[in-house]
Amino acid sequence: MSEPRLRAEGLACGYGRGLPDVLTDVDLTVESGEVLALLGPNGSGKTTLLRTLARLLPPRAGSVRVDGEDAWRRGRAWTHRRVAIALQDDPQGSRLTVDEVVRLGRAAHRGWWLPMTHDDGAVVDRVLERTRLAAMRDRPVDRLSAGEWQRVVLAQALAQEPRVLLLDEPTAHLDWNFQSEILELVDHLARDQGLAVVVSLHDLNQASTWADRIALLAEGRLLAIGEPDAVLTADILGRAYRCPVLVDRHPLTGTPMVLPTPRTRRPNEPVRMP
Ligand SMILES: Nc1ncnc2c1ncn2[C@@H]1O[C@H](COP(=O)(O)OP(=O)(O)OP(=O)(O)O)[C@@H](O)[C@H]1O
Ligand SMILES: [Mg+2]
């Protein structure tokens with residue numbers, strides 16, 4: 001049997017000497033064409049895991065394999081030609097334009113020192129169209145809205161033409177329409193181009209709608225992994241998020257839908273007119 005596109009085995013992640021592990025014993029695989037949603041409360045380690053999978057943060061134990069090869073052993077350049085990550089860092093006063101930031105994504109293949117080829121330019125044009133940024137390609141990135149910047153970060157990752165795409169909360173600042181559009185785009189990239197996608201999300205219902213499988217982080221480990229039906233249960237979610245939830249079904253798709261339940265119900269007072 002062929003190796004999964006991405007495999008984490010016995011992975012422990014964390015920062016700096018003396019600090020405890022953020023996550024231990026993470027085992028997961030992502031196949032080509034699959035979208036895995038990463039869920040978990042604030043501070044549960046979603047960003048840390050994504051950074052470790054992208055080879056930005058060395059694993060404290062275990063390994064990250066891409067197409068069967070150990071990413072840490074193969075080196076940074078090798079990994080960056082295959083694995084792209086879109087993080088939530090802000091533009092920090094950069095004077096680069098949208099176009100220039102997206103072009104930086106091509107450096108994974110070309111190196112920093114060689115000029116862009118015609119093919120590189122075609123990839124950048126295509127990516128700017130797909131992320132609806134073509135009309136603002138000459139704008140400095142420090143003058144974008146948070147949602148526009150978020151699409152630039154995704155576009156830069158796509159310009160890398162990766163096999164594995166890691167996205168950290170790509171819908172955080174997007175309006176309702178762009179949220180769906182970005183997740184539809186991610187879905188197409190997985191189905192049509194065979195990318196393996198790991199996407200961290202806070203919206204449980206987005207995960208239920210768009211992910212093939214869900215990995216739920218809590219208590220310093222992978223608390224549950226599986227299809228949305230298996231992971232999005234009131235029991236598992238109540239334990240992970242420490243709050244009561246109600247799980248129902250989407251009326252059209254039948255996928256689990258999670259509804260918040262108030263901890264304390266207000267008495268149903270009649271409305272008094274002045
Ligand atoms: N650079 C760092 N140095 C030390 N500890 C860090 C660092 N970055 C994050 N942490 C700690 O690691 C833990 C996991 O953080 P992480 O950012 O991965 O969580 P998260 O699940 O992405 O949270 P959120 O939903 O808020 O984005 C937290 O306890 C956090 O304080
Ligand atoms: Mg995070």
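Start with the largest nonpolar core, which has 71 residues. A nonpolar core here is a set of buried Ala, Val, Leu, Ile, Met, Phe, Trp, Tyr and Cys residues joined through C-beta atoms within 7 Å. Buried means that 20 or more other C-beta atoms lie within 10 Å of a residue's own; exposed means 12 or fewer, partly exposed is in between, and C-beta atoms are placed from the backbone. Select Ala37, Leu166 and Val197, the residues with the most contacts inside this core. Its largest share, eight residues, comes from H7. In soluble globular proteins, nonpolar side chains tend to be buried together.

Before moving on, a note on the model and its labels. This is a predicted model, in which local features need pLDDT of at least 70 and side-chain atom pairs count only at pLDDT 80 or more, while totals for chains, interfaces and linings use all residues. Residues are numbered from 1 along each chain as its sequence is written, and chains are lettered from A and ligands numbered from 1 in the order in which they are written.

Stay with Val197 and show its contacts: Val35, Leu36, Leu165, Leu167, Val186, Leu189 and Ala190, not counting residues up to four places away in sequence. Two residues are in contact if their C-beta atoms, placed from the backbone, lie within 7 Å.

Now select helix H6 (residues 118–130) and helix H7 (residues 146–159), whose axes come within 9 Å and cross at roughly 145 degrees. The crossing of H6 past H7 is right-handed. Val123, Val124, Val127 and Leu128 of H6 meet Ala155, Leu158 and Ala159 of H7. By class, the residues of this contact are seven nonpolar, no polar and no charged. Helices (H or I, at least four residues) and strands (E, at least two) are DSSP runs, numbered from the N terminus.

Next, center on ligand 1. Which residues are around it? Select Tyr15, Gly16, Leu19, Val22, Gly40, Asn42, Gly43, Ser44, Gly45, Lys46, Thr47 and Thr48. A residue belongs to this shell if its C-beta atom, placed from the backbone, lies within 6 Å of the ligand. The shell has three nonpolar, eight polar and one charged residues. In this scheme Ala, Val, Leu, Ile, Met, Phe, Trp, Tyr, Cys and Pro count as nonpolar, Asp, Glu, Lys and Arg as charged, and the others, Gly among them, as polar.

From Thr47, step across to Asp168, which is in contact with Thr47, Leu50, Ala86, Leu87, Gln88 and Ser200, leaving aside neighbours within four places in sequence. Asp168 lies in strand E7 (residues 164–168). Is Asp168 buried or exposed? It counts as buried because it has 22 C-beta neighbours inside 10 Å.

Two arginines come next. Arg55 has a positive phi of about 70 degrees although it is not a glycine; look for Arg55 in the loop between helix H1 (46–53) and strand E4 (61–66). Arg242 also has a positive phi, of about 55 degrees, and is not a glycine either; find Arg242 in the loop between helix H11 (234–241) and strand E11 (245–249). Arg55 is buried, with 21 C-beta neighbours inside 10 Å, whereas Arg242 is exposed, with 9 other C-beta atoms within 10 Å.

Finish at Leu11, in strand E1 (residues 6–13). Leu11 is buried, with 23 other C-beta atoms within 10 Å. Show its contacts with Val26, Thr52, Pro59, Gly62 and Val64, not counting residues up to four places away in sequence.

Notes
Axes are lines fitted to C-alpha atoms, for helices over the stretch in contact, and angles run from 0 to 180 degrees between N-to-C directions. A crossing is left-handed if the near helix is turned anticlockwise from the far one by less than a right angle, and right-handed if clockwise.
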